[in-house]
Amino acid sequence: MTTPIVEITDLRKSYFRGEQVVEVLKGINLKVSEGGFTALMGPSGSGKSTLLNLIAGIDKPDVGSLTISGLDISSLSENDLAEWRSNNVGFIFQFYNLMPVLTAEQNVELPLLLSDLDAKSRKSRSRTILEMVGLGDRLDHYPNELSGGQQQRVAIARAIVTDPTLIVADEPTGDLDRNSASDVLNLLQRLNSEAGKTIIMVTHDISATHVANEVVHLDKGELISNEASNK
Amino acid sequence: MRVPFQYIIRNLLVRKVTTGLTAGGMALVVFVFASILMLDEGLKKTLVNTGEINNIILTRKGSDTEVQSTIYRDQASIIETKPIVANSVDATPLLSKELVVLISLQKSNAKQQSNVVVRGTSTKGFELRPDVQISEGNFFRSGSSDIVIGSAIAKEYSNTNLGDQIYFAQRLWTIVGVFDAKKTAFDSEIWVSREQLMQAFRRKNFSIIVFRSTEKQSINTIQKEFDSDPRLSLDVKLEQDFYKDQSKALSKFINILGMTLTIIFSVGATIGSMITMNAAVANRTNEIGTLRALGFKKIEILTAFLIESIVLALIGGLIGVFGATFMEFSDFTTTNFQTFADLSFGFVMTPIIALKALIIATLMGVIGGTFPAFHAANLEIVDALRSK
Ligand SMILES: Nc1ncnc2c1ncn2[C@@H]1O[C@H](COP(=O)(O)OP(=O)(O)O)[C@@H](O)[C@H]1O
Ligand SMILES: [Mg+2]
């Protein structure tokens, strides 16, 4: 087995709904190996997004340890965590979450504003990545001028422009038609196999699991199986 | 601040209506605020510029206005012989003994009458004040019932054309000329022959004396010289200071009125900006969550929304200042309740006023934007991302 990039032991998380405590994750143990492509499946409300958010460092666990590339991210301060995210994590959302007032190029450039790159290198890098995802001719388009599949490809470009080691995707094809969905999945698979990105993807889509090399099932906050498909 | 400025500007441009309304509210406040400051500036400029350097005005001790003052003939004779009084071209003292009275006159655009200063003077009065120049018609002939009127009087009162007659002090006076006093307080006066005015009002004494001093002595030195003579119980002031002091009460009134209006309006505009910015944060909760997830820090979100609020306020501020500059084309006439006479003055824009107005706008933006910006910065990332 290759070195794990994500190591989770006995991870617990609950939310308050009014007075009531809702236990969302009830002791998760999980390892994701570096360069892996993990699909996280399970019924809606089972805690998939919560687990993904914890791994991505936008939420904090109540109990348990959560190390990414050997770093215990639950111990980081809020600002350090923000810094860590900007350097190490690329986000892909179900509804793309692009800034509607920025062009495709500006959206992709956004995470680079947190780096030390100068304006010129930021621009050329954003362009290169957009060309890579097949949108070289859409640089100046605003999100509402693009199809869903194109918007998701812009979002993927934004997720990889900083060259993060870990990409988290929460139902990235959930809002797309079949063709666009398979484009997006192919793109993610290429990122995994050619660029060696570790990808963790929440999905409902059985066909999406074919691009993954590991499928993890969550139910009611517990991991029920951990099958390796090893294609 | 690493959130791109374009993000802020475009968000303002995209929501045209709310941006327009909010900026409009700000513009109104800034317009009112700037206009009042411009009015105060206009008043100061009018009264401060009134009078010539090295002109000294003498009034009876304790009288604040020319109308209240009395100078006796024997006092006048003593003063005329003082070496401090400069000579005119004809080798007589450059000194004007003047009678100043108030009359009421019918305004052209209003029902009520207003008080107007009538100054009984002589050619010396004009020689002492070279800024006052006949622009139409002629000087009054001494010993006649001729009058010349200031340009503001000609503009604002009825029956003030050349040749028209005005009735006061049981006499008809004929307008023979109009003078331009370069927008000073003299523009709101009527000048006539002193002898005729004294006869008409049955006065034996003068109101004030104005003279040119021979050398630039400190006003205290001159005051001391006059105080040393027990026959002269006079206040000595530079002519310019004398008129400037007359603007104090009115200036204070304008400022208090202006500040009151500004405060009331600005509370409204600030609440408006707060509502707008709160809506902006609510509508963009998901974007805020996304920015935070990408690695933007709380402080950067806070700054971005605060800047958005300030830019919004400054758009309003610039519109307000721009609008206020058009006030320069209008004049304003009111009673100076220190002298009870009507005074006409303009709105004067200065860089300082523009700056103050933009500072007020910025303040409204900061106050209106602070709460929404803090709210935006303190959203939990996962909660913000779950909002649609
Ligand atoms: N930030 C939150 N605040 C309160 N409840 C939450 C929050 N996030 C998730 N939950 C609740 O936790 C449960 C799991 O949510 P989630 O992880 O989004 O499930 P999934 O992604 O598998 O559909 C749901 O019942 C949801 O309502
Ligand atoms: Mg989910």
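Phe332(B) sits in strand E11 of chain B, which covers residues 331–336; helices (H or I, at least four residues) and strands (E, at least two) are DSSP runs numbered from the N terminus. This is a predicted model, in which local features need pLDDT of at least 70 and side-chain atom pairs count only at pLDDT 80 or more, whereas totals for chains, interfaces and linings use all residues. Residues are numbered from 1 along each chain as its sequence is written, chains are lettered from A and ligands numbered from 1 in the order in which they are written, and side-chain values use heavy atoms, with hydrogens and water left out.

**Surroundings of Phe332(B)**

- Phe332(B) counts as partly exposed because its relative accessibility is 31%, where buried means under 20% relative accessible area, exposed over 50% and partly exposed in between (1.4 Å probe, protein chains only).
- Leaving aside neighbours within four places in sequence, Phe332(B) is in contact (heavy atoms within 4.5 Å) with Leu39(B), Leu343(B), Ser344(B), Phe345(B) and Phe347(B).
- Although Phe332(B) and Gly42(B) are 290 residues apart along the chain, their C-alpha atoms are separated by 9.2 Å.

**Chain B as a whole**

- Chain B has 13 helices and 12 strands.
- The radius of gyration of chain B, at 29 Å, is well over the 21 Å that the globule rule gives for 388 residues, so chain B is more spread out than a compact globule; the radius is taken over C-alpha atoms, and the rule is 2.2 Å times the number of residues to the power 0.38.
- The C-alpha trace of chain B spans about 95 × 45 × 30 Å along its principal axes, and buried residues make up 52% of its 388 residues.
- An automatic or database domain assignment divides chain B into domain 1 (5–48 + 248–386) and domain 2 (55–212).
- The centres of domain 1 and domain 2 of chain B, taken over C-alpha atoms, are separated by 46 Å, while 11 residues of domain 1 are in contact with 14 residues of domain 2.

**Second largest pocket**

- The second largest pocket holds about 350 Å³ of space; on a 1 Å grid over the protein atoms alone, a pocket is an open set of points where a 1.4 Å probe fits, with protein on both sides within 12 Å along at least five of seven lines, and lining residues have an atom within 4 Å of a point.
- Of its 18 lining residues, Thr46(B), Lys183(B), Asp331(B), Phe345(B) and Gly346(B) lie nearest the centre of the second largest pocket.
- H2(B) gives the most to this lining, with four residues, and both domain 1 and domain 2 of chain B contribute, so the second largest pocket lies between them.

**Largest pocket**

- About 850 Å³ of space lies in the largest pocket, whose lining of 33 residues has Ser49(A), Thr50(A), Asn53(A), Asp170(A) and Arg386(B) nearest its centre.
- H1(A) supplies the largest share of this lining, six residues, and among the other elements that each supply at least two residues are strand E1 (4–17) of chain A and helix H13 (381–386) of chain B.

**Helix H2 of chain A**

- In helix H2 (residues 78–88) of chain A, the buried residues are Leu81(A), Ala82(A), Trp84(A), Arg85(A) and Ser86(A).
- The cover over the buried residues of H2(A) includes H1 and E6 of chain A, together with helix H10 (285–294) and H13 of chain B.

Technical notes:
Points joined across faces, edges and corners; volume = space filled by probe spheres on them.
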